[in-house]
Amino acid sequence: SVMDDNRLLTLASNERIRLLPHMRLIFEIRDLAYASPATVTRAGILFISEMRQWKNFVKSWIEHFRDNEAANVTPDNRQARAAKLEELFDKYCESTMLEIFKSFKTVVPILDFNMV
């Protein structure tokens, strides 16, 4: 697949799709081994490591949740809730994901980041 400067996506089947200004695409790829320099420069590349990256995602989510709670929640309660959420994620996520990886086969590879 190729996307040119005019936001025209050409698929391997030679089908062409014009992207309108309000349209966005997200590509999930395993690696960039076959990506051309043009593809890399036109796409916003986000690298997600397979090494416990989910913990950073959870930390960011908890901070966002804490900072956007209702105004009538006291700062002490916000901190307590954030601490409890972190405790629950630490307690259950890693062991649950390990069990899923050991006991189930997936059709496509799934990173732990996508499971949280």
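**Reading the salt bridges**

Modeller: Asp67 and Arg66 form a salt bridge, their closest N and O atoms being 3.3 Å apart. This is a predicted model, in which local features need pLDDT of at least 70 and side-chain atom pairs count only at pLDDT 80 or more, while totals for chains, interfaces and linings use all residues. Residues are numbered from 1 along each chain as its sequence is written, and side-chain values use heavy atoms, with hydrogens and water left out.

Biologist: What is a salt bridge here, and how many does the structure hold?
Modeller: Side chains of opposite charge can pair when their charged atoms come close. The term means a side-chain nitrogen of Lys or Arg within 4 Å of a carboxyl oxygen of Asp or Glu. The structure holds four of them. In one, Glu69 pairs with Arg81, with 2.5 Å between the closest N and O atoms. Glu69 sits in the loop between α2 and α3 and Arg81 in helix α3, so this pair ties together parts that are twelve residues apart in sequence. (Helices are DSSP runs of H or I with at least four residues, strands are runs of E with at least two, and both are numbered from the N terminus.)

Biologist: Is Glu69 buried or exposed?
Modeller: Buried means under 20% relative accessible area, exposed over 50%, and partly exposed in between, using a 1.4 Å probe and protein chains only. Glu69 counts as buried because its relative accessibility is 12%. Arg81, at 42%, counts as partly exposed.

Biologist: Where do Glu87 and Lys84 meet?
Modeller: Their side chains form a salt bridge (3.5 Å, N to O). Glu87 and Lys84 are three residues apart in helix α3, so about one helical turn separates them. Glu87 is partly exposed at 43% relative accessibility, and Lys84 is partly exposed at 42%.

Biologist: How should I read the packing of α2 and α3?
Modeller: Axes are lines fitted to C-alpha atoms, for helices over the stretch in contact, and angles run from 0 to 180 degrees between N-to-C directions. Helix α2 (residues 53-67) packs with α3 at about 155°, their axes 10 Å apart. That makes the two helices roughly antiparallel, a term for angles over 145 degrees.

Biologist: And what is the overall layout of the chain?
Modeller: The chain has four helices and three strands, running β-β-β-α-α-α-α from the N terminus. Buried residues make up 12% of its 116 residues.

Terms used
Angles under 35 degrees count as roughly parallel, over 145 as roughly antiparallel, 65 to 115 as roughly perpendicular and the rest as oblique.
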